Amino acid sequence: MKNFLKIIFELGKVRISLPVTLSALAGYTLYSGRIDEQGLLMALGVFFMSCGSGALNHWQERRTDALMPRTKKRPIPSGKITAIQGFFVVLGYTTIGSLILVFSNPLIALFLSWVTLVSYNLIYTPLKRVTAFAVIPGSLVGSLPPMIGWTASGGDVFAEPILIVATFFFIGQIPHFWLLLLLFGDQYKLAGLQSLTDIFSTLQIKRITYTWVLTTIASALLVLVFVIAGRVISALLLLYIFYLMYALTRGVFSKQEFKVLPAFYKLNFLYLFMMLFLIADSLLR
């Protein structure tokens with residue numbers, strides 16, 4: 001039973017689904033100023049929908065996953081679970097998530113959850129075979145969860161605060177992916193996927209990624225100025241932003257080898273801090 005649950009959690013990409021859930025909760029709290037039963041149920045529904053999307057991605061890419069060292073041990077290509085069983089896991093996750101959302105929150109939360117799934121699984125995933133720039137439309141996926149939470153709590157989908165927050169998460173997905181390319185670009189080619197390493201040199205990818213990181217930092221500053229109100233929280237976030245900019249600038253332009261994995265984690269910490277600080281700031285207002 002323990003091994004079975006481990007496989008189910010791995011199919012659902014729980015480590016990715018948890019931050020997605022947290023960003024949705026940040027959007028909910030940003031508008032409502034509280035975390036209540038409805039907000040927790042919204043977060044739970046988003047978690048299951050995100051797991052369903054992750055499991056569907058496992059099912060969609062089971063053949064290409066078998067060709068890459070990084071992914072060949074995933075549940076379906078490794079034979080831990082069959083493709084049919086994996087597809088039933090997808091149905092289970094998405095059914096549970098949809099039912100939770102439809103009975104606990106406005107329908108727009110369910111609608112945007114399905115838009116997120118469609119964007120990731122039916123647009124971004126197939127585009128990876130067509131163009132190395134699929135990450136740009138695919139980054140829409142990162143911007144939608146905060147909007148799910150915001151609209152679930154009654155906010156206008158076109159309100160300025162949530163559009164600024166959504167823009168930050170949209171832009172932030174791009175350097176996140178490009179750093180992964182520096183780590184695993186050669187493996188994508190093994191699977192027949194389009195890779196920017198076929199178009200740009202490693203040095204060019206590093207510099208373009210740095211440009212996107214600066215753009216991400218600029219969008220984070222917009223959140224800091226126009227969305228976050230607390231002085232202490234603003235100061236903490238600003239401190240980390242300056243640290244991130246210093247660390248990545250030094251890493252990119254120094255003569256030493258650029259350490260991709262630490263840069264990847266530093267950037268991901270910015271996303272985590274942004275979600276936590278948005279929640280804290282909203283609760284303390």
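K13 is buried in this predicted model, because its relative accessible area is 15%, under the 20% cut-off for buried residues. K13 is found in the loop between α1 (2-11) and α2. The backbone here is worth a look too: K13 has a positive phi of about 45° although it is not a glycine. For background, most residues other than glycine have a negative phi.

**R74 and its neighbours**

- K13 is one of the residues that R74 touches; E10, H58 and D65 are the others, leaving aside residues up to four places away in sequence.
- R74 has its place in the loop between α4 (62-65) and α5 (83-104).
- Is R74 buried or exposed? With a relative accessibility of 17%, R74 counts as buried, because buried means under 20%.
- R74 and E10 are 64 residues apart along the chain, yet a distance of 7.8 Å separates their C-alpha atoms.

**How α2 packs with α3**

- Two packed helices are described by the angle between their axes and the distance between those axes.
- Helix α2 covers residues 14-32 and helix α3 covers residues 37-60; the two pack at an angle of about 145°, and their axes lie 8 Å apart.
- The crossing in which α2 passes α3 is right-handed.
- On the α2 side, the contact is made by V14, S17, L18, V20, T21, A24, L25 and Y28.
- On the α3 side, the contributing residues are Q38, G39, M42, A43, V46, F47, S50 and C51.
- Which classes of residue make up this contact? Between α2 and α3 there are 11 nonpolar residues, 5 polar ones and no charged ones.

**The chain as a whole**

- Along its principal axes, the C-alpha trace spans about 50 × 50 × 35 Å.

**Burial, contacts and surface**

- Of the 285 residues in the chain, 52% are buried.
- Among contacts in the chain with a separation of 6 or more, 74% come from residues 24 or more positions apart.
- The chain exposes about 14,000 Å², and carbon and sulfur atoms supply 69% of that area.

Key
Residues numbered from 1 in each chain as written. Predicted model: local features only at pLDDT ≥ 70, side-chain atom pairs only at ≥ 80, totals over all residues. Heavy atoms only, no water. Axes fitted to C-alpha atoms, helices over the stretch in contact; angles between N-to-C directions. Helix = DSSP H or I, 4+ residues; strand = E, 2+ residues; numbered from the N terminus. Left-handed = near helix turned anticlockwise from the far one by under 90°. Contact = heavy atoms within 4.5 Å. Nonpolar A, V, L, I, M, F, W, Y, C, P; charged D, E, K, R; others polar. Buried < 20%, exposed > 50% of the residue type's maximum accessible area, 1.4 Å probe, protein only. Areas by Shrake-Rupley, 256 points an atom, 1.4 Å probe, with all protein chains shown as cover.
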